[in-house]
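Please look through the structure below before reading on.

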Amino acid sequence: MRNDAVRAVELGRKYEEIWGLRNCTFTVKSGEMAVLVGPNGAGKTTTVKVLTTILKPSKGKAEVLGMDIVKDFKKIRKRIAYLPQGCRIDLNLTPLETIKWSLVARGLSLAEANLQSKKWIELMGLSNCKDRTGWTLSGGEIRRVCVAMALATEAELIFLDEPTAGLDVETRHKTWKILREAVKEGVTILLTTHDMTEAETIADTAILINEGNTLIQETPQKLVKSLPYQYKIIVRKDEFKALSSSDIIDLGDRLILYAEDSKAVETLLSQFNDLTNVLAINKTGLEDAYLRLIHGIKP
Amino acid sequence: MREKVRQILGIAVLNGKFIQRQPLWIFQGFIMACGFAVTLFFWGGNAALRNLVIAYFITGGWGLGLNTVAQIIGWNRVQLLYDFYVASPVTLPTYFVGTILGSMPLFITSVIPATIIAIILEMDFSFIIPIILLAATSAVIGQFTSLSVILRLKKPTNISAITNPLYVFTTILPPVYYPLTFISPILRPFILIVPTASLMELSRWFAGVPIATNVVFPLISTISWLILTTILVAKKLRWGLE
């Protein structure tokens with residue numbers, strides 16, 4: 001049985017009079033990729049900042065790698081790495097220098113840092129720009145350097161706050177691949193995102209959070225399976241004025257219709273005079289499970 | 001111990017690389033120091049240069065702390081690199097020492113001309129150790145003064161827009177490059193409230209240059225600034241668990 005890398009119990013954090021995090025309870029097993037999912041302002045960053053010992057909790061308890069986040073913060077910091085959301089590098093340094101010297105700052109020898117930084121430059125696909133200063137790098141390249149800074153530490157537990165924000169599709173996929181490979185090597189990752197597709201694709205366990213409270217923790221697959229619908233159809237609203245039920249989400253001039261199975265899809269489509277008004281038919285996903293959860297419908 | 005040294009080295013390079021990549025900062029500092037020395041020599045002769053040697057140590061330390069180090073720390077906080085270091089084995093002392101070491105080349109730009117002038121004037125170097133200690137004190141008070149302002153800013157601000165004017169107000173206007181004796185005796189105790197003025201009076205006293213007040217006054221002022229700014233910074237600066 002695997003140990004818990006993170007255990008948070010009723011964790012909360014107040015900023016003066018406002019609760020940034022109200023009640024967060026979840027566990028992350030060693031060697032798994034946990035994804036903290038929620039909209040902007042849900043409390044994801046606050047959760048990570050409390051767990052990385054940057055912020056003190058106002059209520060509740062949490063253990064990281066079996067240690068109390070307040071009492072044992074010094075020991076915890078030696079074994080974790082954290083990439084803050086929107087973290088920026090000094091543009092006067094090259095990617096290779098940034099990664100190498102941040103490893104030396106963690107206490108690695110120059111030789112170790114050299115080897116490690118070269119390895120991660122290669123892995124993150126930064127070889128062609130490794131010796132160029134940050135001034136000449138693209139936004140995506142800078143973000144990849146930041147991710148590499150955290151991953152190159154090869155810490156037991158790595159916290160990544162929205163690491164793929166602003167990356168193009170291809171780079172995002174490359175980053176996902178690297179993250180999954182790191183998990184395969186035994187690293188535990190706690191990642192935050194507001195992108196449900198990302199969570200569904202890479203998470204071993206998804207922790208859904210909203211307004212500072214954890215809604216549920218489950219595998220993305222189980223959450224999607226728990227939905228009473230298999231499909232969602234996006235249509236133009238004009239064609240579908242008659243229907244009104246909880247199975248419809250209004251998007252202004254468009255609607256999302258949910259259907260239990262392929263037969264239900266056929267029945268819905270038969271009601272359309274002009275099928276060009278049917279814009280897309282997709283499988284339901286984590287996003288749909290999340291939307292139901294925030295409306296109070298438990299799976 | 002070896003790990004601590006590596007941490008300091010890592011932080012020093014990360015926070016000081018900008019000087020190597022933009023060497024014109026050093027060039028600018030050096031030219032300003034030399035130009036100022038020439039100007040003062042033509043107006044005040046050797047006496048002005050003797051004061052300048054001491055002043056370059058004090059303002060060099062003051063600028064290092066108040067402007068460079070505080071700006072780096074301020075920017076690290078804005079760029080969230082500060083959080084990156086907090087959630088790592090880096091400790092607050094190693095972070096501070098590393099940042100100061102990384103910024104040292106800018107301090108040297110004023111110390112080199114000062115040393116050359118001191119050699120030309122055949123000045124007695126026996127005062128060098130107390131002056132270096134006062135330069136270090138100057139750096140600490142400068143850094144804490146800046147940080148006590150920067151860390152209390154609510155709105156995102158260009159940090160250099162605060163530290164640069166602070167540096168000018170505390171070095172150009174008060175009796176740093178000119179003696180306190182030029183100020184009316186009634187005003188002298190008030191002028192000594194300015195930390196750079198006090199540090200300069202103490203330095204002149206150590207260098208055997210006649211000073212305008214009892215040495216106790218600048219000493220009290222310096223110690224008070226050290227205590228006050230330490231308290232102000234300690235209240236706001238946290239290395240995690242904020």
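What follows is a walk through a predicted model.

How does the radius of gyration of chain B stand against that of a compact globule? For 242 residues a compact globule would have a radius of gyration near 18 Å, and chain B, with 18 Å, agrees with that. Along the principal axes, the C-alpha trace of chain B spans about 55 × 35 × 35 Å. Of its 242 residues, 44% count as buried. Among contacts in chain B with a separation of 6 or more, 80% come from residues 24 or more positions apart.

Chain B also meets chain A. Here 24 residues of chain B are in contact with 30 residues of chain A. On the side of chain B that touches chain A, helix 1 (2-21) and helix 3 (81-86) of chain B each supply at least two residues. Helix 1 of chain B gives the most to this side, with 11 residues. By residue class, the side of chain B that touches chain A divides into 13 nonpolar, 5 polar and 6 charged residues.

The next stop is a sheet in chain A. Strands of a sheet pair through backbone hydrogen bonds, and the pairing can be parallel or antiparallel. In this case 4 strands of chain A form an open sheet in the order 12-13-11-14, with antiparallel pairing. Its edge strands are strand 12 (248-250) and strand 14 (278-283) of chain A, each of which pairs on one side only. With direction ignored, neighbouring strands of this sheet are turned by 20° against each other on average. Within the sheet, strand 11 (residues 231-236) and strand 13 (residues 254-259) of chain A run antiparallel and are joined by 6 bridges. Which residue of strand 13 of chain A stands opposite A:Ile233? The residue opposite A:Ile233 is A:Leu257. Helix 9 (residues 262-270) of chain A packs on the sheet and touches strand 11, strand 13 and strand 14 of chain A. The direction of helix 9 makes about 140° with that of strand 13 of chain A.

Elsewhere in chain A, A:Thr192 lies in strand 8 (residues 188-193). Is A:Thr192 buried or exposed? A:Thr192 is buried, because 25 other C-beta atoms lie within 10 Å. Not counting residues up to four places away in sequence, A:Thr192 touches A:Leu36, A:Lys44, A:Thr45, A:Val48, A:Asp161 and A:Glu162. A:Glu162 is 30 residues from A:Thr192 along the chain, and their C-alpha atoms are separated by 5.2 Å.

Two residues of chain A remain, and their backbone angles deserve a look. A:Glu10 has a phi near 45°, a positive value in a residue other than glycine. A:Glu10 lies in strand 1 (residues 4-15) of chain A and is partly exposed, because 14 other C-beta atoms are within 10 Å. For A:Glu211, phi is near 50°, again a positive value in a residue other than glycine. A:Glu211 is placed in the loop between strand 9 (205-210) and strand 10 (213-218) of chain A. With 15 C-beta neighbours inside 10 Å, A:Glu211 counts as partly exposed.

Definitions and conventions
Residues are numbered from 1 along each chain as its sequence is written. Chains are lettered from A and ligands numbered from 1 in the order in which they are written. This is a predicted model: local features need pLDDT of at least 70, side-chain atom pairs count only at pLDDT 80 or more; totals for chains, interfaces and linings use all residues. A residue is buried if 20 or more other C-beta atoms lie within 10 Å of its own, exposed if 12 or fewer, and partly exposed in between; C-beta atoms are placed from the backbone. Two residues are in contact if their C-beta atoms, placed from the backbone, lie within 7 Å. The radius of gyration is taken over C-alpha atoms; the globule rule is 2.2 Å times the number of residues to the power 0.38. Ala, Val, Leu, Ile, Met, Phe, Trp, Tyr, Cys and Pro count as nonpolar, Asp, Glu, Lys and Arg as charged, and the others, Gly among them, as polar. Two strands pair if DSSP finds at least two bridges between them. Axes are lines fitted to C-alpha atoms, for helices over the stretch in contact, and angles run from 0 to 180 degrees between N-to-C directions.
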